[in-house]
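Colleague: I am new to this structure. Please take me through the terms and the values behind them.

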Amino acid sequence: MMSAMHWPDPASDASAAPGRVVLEVRAITKSFGAALALKDMSLRLRAGSVHSLLGENGAGKSTLMKILAGVLQPSRGQMLIDGQEVRLSGPGDARRRGIAIICQELSLAGNLSVADNLFANHPPGLAGLIDDRQMLRKSRALLAALGIAIDPSTLVAQLSIAERQLVEIAKALNQPSRVVIMDEPTSSLGASEARMVFGIIEGLKARGKAIVYISHRIDEIMQISDEISVMRDGRCMDTKVRGQTSIEALIALMVGRPLSAIYPPGPPHPPAPPGSPALPGTRQALLRVQGFGCTGRFYDLDFEVHAGEIVGFFGLVGAGRSDVLAALFGMHRASGRITLDGQPVRLRSPAEAIAHGIAFVTENRKEQGLVLDQSVLHNITMAHVHCRRQGAWWIDEREEWRLAQGYVQRLGIKIASLHQPVRELSGGNQQKLVFAKWLALRPRVLLLDEPTRGVDAGAKFEIYRIIRELATAGTAVILVSSELPEVLAMSDRLMVMRAKRLVKTFERRNLSQETVMAYATAAAAP
Amino acid sequence: MSVSTYWGRIARRYGGILLGLIALVLLFALLSPAFLTTGNLLNIVLQVSIIAIVAFGITYVLLLGEIDLSVGAIIALCGSVAGLLLAREMPLLWVVGATLACGLVLGAVNGALSALLGIPSFIVTVATMGIFRGLAFIASDGMPVPVDDEAFIRIGNGHMLGLPVPIWILAALLALNHCVLSKTVFGRKAYLAGGNAEAAVYAGIRVKRLKIAIFTLSGLMAAVGGMVLTARLYSAQPNAALGWELDAIAAAVLGGTSLAGGYGTMVGTLIGALIIGVINNGMNLMSVPYFYQLIVKGAVILVAVCIDVQNKKRRG
Amino acid sequence: MSVSTYWGRIARRYGGILLGLIALVLLFALLSPAFLTTGNLLNIVLQVSIIAIVAFGITYVLLLGEIDLSVGAIIALCGSVAGLLLAREMPLLWVVGATLACGLVLGAVNGALSALLGIPSFIVTVATMGIFRGLAFIASDGMPVPVDDEAFIRIGNGHMLGLPVPIWILAALLALNHCVLSKTVFGRKAYLAGGNAEAAVYAGIRVKRLKIAIFTLSGLMAAVGGMVLTARLYSAQPNAALGWELDAIAAAVLGGTSLAGGYGTMVGTLIGALIIGVINNGMNLMSVPYFYQLIVKGAVILVAVCIDVQNKKRRG
Amino acid sequence: AGKYTVGASLLTQQHPFYIELADAMKKQAAKDGVRLDLSIANQDLNKQLSDVEDFISKKVDAIILSPVDSKGVKAAVLKAGAAGIPVITVDIAASGVAVVAHVATDNYAGGVKAGELMAQATAGKGRIGVLHYPTVQSVVDRVEGFKKALSAHPQMKIVSIQPGITRAEALTAAQNMLQAHPDLAGIFGFGDDAALAALASIKAANKLGQVKVVGFDGMAEARAAVDKEPAFVGVIRQYPDQMGARAIGLAVAVLAGKKVDKLNPVVPGVYTAAHQ
Ligand SMILES: Nc1ncnc2c1ncn2[C@@H]1O[C@H](COP(=O)(O)OP(=O)(O)OP(=O)(O)O)[C@@H](O)[C@H]1O
Ligand SMILES: Nc1ncnc2c1ncn2[C@@H]1O[C@H](COP(=O)(O)OP(=O)(O)OP(=O)(O)O)[C@@H](O)[C@H]1O
Ligand SMILES: [Mg+2]
Ligand SMILES: [Mg+2]
């Protein structure tokens, strides 16, 4: 593991004795119009320790963090730094007081380079003039120290979402700070990148920083936290110290009831693999892909997906999985043969793909999934209103309303009203909307790219159950995820991609995380 | 959907700017006795009808986050086409059809250049603004074409059930465009694509096709405007409607349409156009000198929008 | 950063549109013998200098995703102020200072109205376009103000080291604005805020203040343009520069600045302005009739941008 | 007797000619005890129609128009007629519809005079450029007259006709003319702005001795330039002051029930440096 001690931090905070309370909020309340996002929330952050926040989607975690970072002003309540009451006038003020935040929703300027983004708030130079060389050099040093392999002169728009997440982390660490807020920093990262982030956190701890860590991956939280607070409906339910609690207890606190399992049971009889002697020739693949390639993105893929089957795709970040799905959805010009139900098809645009019954839950909800300024209603029915009945002129408003209402209930999406703009929803609830949008189409082939990114444990179970249900009803599902346990638990068959090629196909039985990981990294020969 | 929230949404949507309009009407009613008469109010609606019709088309375009600066030139060119065809004694229906077709084609050209070649619509329509205007001048030799076809003139100057024909046209197009925008799949697509084009593509919306359709609609509305104008002026003017594109865009933006796309309504646009019309008419009735009219008009627009913005902020 | 990638980036940034400019120059050189002479080329630069200067200011504004339609009126108002002060025999330096201060204030008013009150900049500047123009008319009574101060006239008509003074001013402002945009924190903030306003807020950039500063800069550039224009015309014209806002915006967009914000360069803007200037001059030299000039100009702009767009697409 | 209200809709108020016209109308109105309501069409025919509609709303007694366009003003005249309001046109005539009276400069005759002046200044030979405003009828008449006068001089040739509507545009066009035709002998500007711009371009090109300028309109600024610059040989002078006063006088006469002449021409003068 790389050393976390070497990135340039101008202010190593020696004064902060470990355990001392650096930042405290008391009885913070935050309301948006009539809706209360936080109710009398209190929290203490200690130097050299990791305080994790756990809670369902919409519990108010991000709202609290935005208040700490000066982005939002609390409606009521106190905030104390080193025991002194303060009022933050804005993000700049918070930054000057040593509070750094990694936001849940990525906020980098795509038109600028990585280096420009890293130094957005304090570019090096004299008298207002930027020293670009120095900035590049410093950026390179910072990224190298963090173990991030990205060229700082690249434009952010050209990075994958995982890479952007890493840049976001580096940006927050590129300033003198005493408190580091991490709002779901690993939600779009794979296991190895996540481990890297944990290394960084260790380094921060060692230097006496107070860290707030938010994640829906409970195992992560168990692993790194010193204290864990559980939030529900804008309140702090309880704060536990490391080692005093269990995953089950936390989940029960979080959702208000115990959760029996994380993954729903698989189908009673796992579908037989193609060509297996048990069911010779009885089943035809619903989707079959041969010699599928797209220069620069992925090469020479052959696979098939049967009706009722969930095929998992695993690989490291940048392995090319997202591009495969996008190409299947008609977003990239790809070579090769695609057959649906034995019929060759051409997929040149999403419109054509949808017309063939393909749906695609994209990983980047902000850019590709949602129209943030429009209502929940319109976002859920976004594809449905014009794809369901081709050539229809009028919108059936009643049907639309009923449909949206149904999915909001089924997925437990927390909204104030169906007319609420999606921008106001919490990250996890936005993700559920993207999922709902595609379910509404009742697809034959469902492409899922990180479908549970930022979704809480309870809702994840529900999403898994729905995926399972759809498969049972005959949908062919391709699941791409960087959470290996998720892929392992859900997939009937698992394909591993490495360096833009398919390297291995596993049947459901006899799978261990280690074997899969070995193929995903170069440890096992293909 | 309860009635109260329905009205609440209506109030939220048009509230501020509608209040602005009403305040203006009251103000001028106090200041000028000739203002609040049926005749004069009809007058105002008549005077804004053309700009409002054109602004309906512009609203679609802005909704998509695009811009159309060529509508003034399309008005002039379509008007000239109508005038020239009438001069050749073509039957009325044919003239109307040909003029509308002309607007359709011009709009489609804008849309195709922008959507298929990927040229920013600002540049496309700045360029076609010149091209269409040049064509209008060439077609008519730079000279106005007098129109004396009685039936055609009625489009601009006739009456039906006591109301001027342009007002009927305005009302019909308002109803039509409002329905298209709020009730049809097409309208929904426009809002979605304007709000986030990438997400719209992923949702299977053929955004390029949509863009062409929307510019075509804008061209069509401008053609209607050109016909009404030609009929109202008894002549087709190749240099008519100079700079009206800005007026039409201003009406739409005043009415709450966002230049960045994704927001806007036809009713709002009409209110925006009426505000401009009321200001112009009121100041004329009060005999405000021209130079001061420029200043007052700017100031009133600022105040009206400012109230609207503050209102929206307060309600969150 | 090796030299080859440096030139590669330059080519990527300006390539297409620069090629378009060169192609145009070659074309006109073939068509008209008077075109490719030093005198005429200087002529062209001289003729575009004012629009280019104003377009520099507009570039900042567009970069931020805003728009400024009032620059034409600011040119006229600042020009009139200069003319009237000269007529009162104020010393030259004071006149220059007062005129620039006037542009600064007008720009700041635009920025403040938009940033502090939250009114969309389109509406703000459409309104102030009328207000500033009205003020210019009132100040000068609608009449041109003749200027005969020799020293002032030299700003528009003098020579230095064999080159006309406006070209020197243009060059200086190009260098200055290019540096500001590409080398200073201020410029970087503009790109950041234009590319992602949310990111800018999180980075602690005071976007409102930035917006005011940028509109102020735009006003300042327009004031410089107004002075040069007044000096060139030997008179201050309250109706000068009508519609120039569109030309200036077109120059910037032609040069690769995005109306949506986040992208743009000063060099690109100058190239855009030169393209427009070359087209106008070339057609004048060839005595293309006015109506056809409109068409050719539009068509050439379309072709130039189209090449640029295709080029960019090909390079990815 | 009740005071009359006269509404006047003028083409523009951004041109010295129209400013003088408006001033003269105001002065005469004050003298005759008439209330004058002035609105400016700003070269937009539709605005002129709206202005007239607003006059009708206000119930003015008579309307004076300087039409944005001869043919297009018909709608406004018809509306006024339907409301029983007499209309008088100034500067630009209405065509295709009858008005009570018309006051105007004879632009064609003025153009001929300009041509003769140019021929005189260039000794009847050389290449001539024209700065034009091709979409305005009165300017087209001037240029036609100018061409007519030059046609009597076989050694004179119009080599370039370029639009130069505003002063800045005219400056650019004139510069380009000098660039394309280095031996140019004269430039005719359709109005003061064009002529003054031509003068500026000649100065900048150092050709004051070679190129002669003739203008049209003859407002104060241009007259001063003629006095000062020998290259600016002269300007055809219109008399907006007379026209404005005449228009108000006609309106009062009509309202008083008197019979008036349909056509009231104002003969343009020629202003040269020698003339002062
Ligand atoms: N700008 C806003 N306007 C109105 N409501 C808002 C706004 N921002 C957040 N909310 C609401 O506040 C509540 C808390 O949101 P928050 O983003 O803090 O949740 P979260 O705990 O971070 O959830 P997640 O795990 O999904 O990220 C949600 O119900 C959300 O809809
Ligand atoms: N818009 C883009 N422009 C240039 N390169 C890109 C773009 N998007 C992705 N890439 C690159 O393509 C490669 C494959 O990305 P892809 O998203 O398909 O991988 P993945 O296996 O899904 O990984 P991830 O978990 O990061 O999504 C990545 O290395 C990424 O840097
Ligand atoms: Mg959150
Ligand atoms: Mg991916």
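Modeller: What follows covers the interface of two chains and then the surroundings of a ligand.

Modeller: This is a predicted model, in which local features need pLDDT of at least 70 and side-chain atom pairs count only at pLDDT 80 or more, while totals for chains, interfaces and linings use all residues. Residues are numbered from 1 along each chain as its sequence is written, chains are lettered from A and ligands numbered from 1 in the order in which they are written, and side-chain values use heavy atoms, with hydrogens and water left out.

Colleague: How do you know which chains have the most contacts between them?

Modeller: Contact means heavy atoms within 4.5 Å. Five pairs of chains touch, and chains B and C have the most contacts among them. In that pair, 41 residues of chain B are in contact with 41 residues of chain C.

Colleague: What makes the area between chain B and chain C count as buried?

Modeller: Buried area is the accessible area (1.4 Å probe) that two parts lose on being put together, summed over both. For chain B and chain C this comes to about 3400 Å², with 89% of it on carbon and sulfur atoms. B:Phe122, B:Phe291 and B:Leu302 supply 18% of the area that chain B buries there, more than any other three residues.

Colleague: Which classes make up the side of chain B that touches chain C?

Modeller: Ala, Val, Leu, Ile, Met, Phe, Trp, Tyr, Cys and Pro count as nonpolar, Asp, Glu, Lys and Arg as charged, and the others, Gly among them, as polar. By that division, this side of chain B has 32 nonpolar, six polar and three charged residues.

Colleague: What is the contrast for chain A and chain D, and how far apart are their closest C-alpha atoms?

Modeller: No contact joins chain A and chain D; those atoms lie 37 Å apart.

Colleague: Which residues come nearest to ligand 1?

Modeller: A residue is near a molecule if one of its heavy atoms lies within 4 Å of it. There are 21 residues around ligand 1, and A:Gly58, A:Ser62, A:Thr63, A:Ser426 and A:Gly428 come nearest. By class, the shell has four nonpolar, twelve polar and five charged residues.
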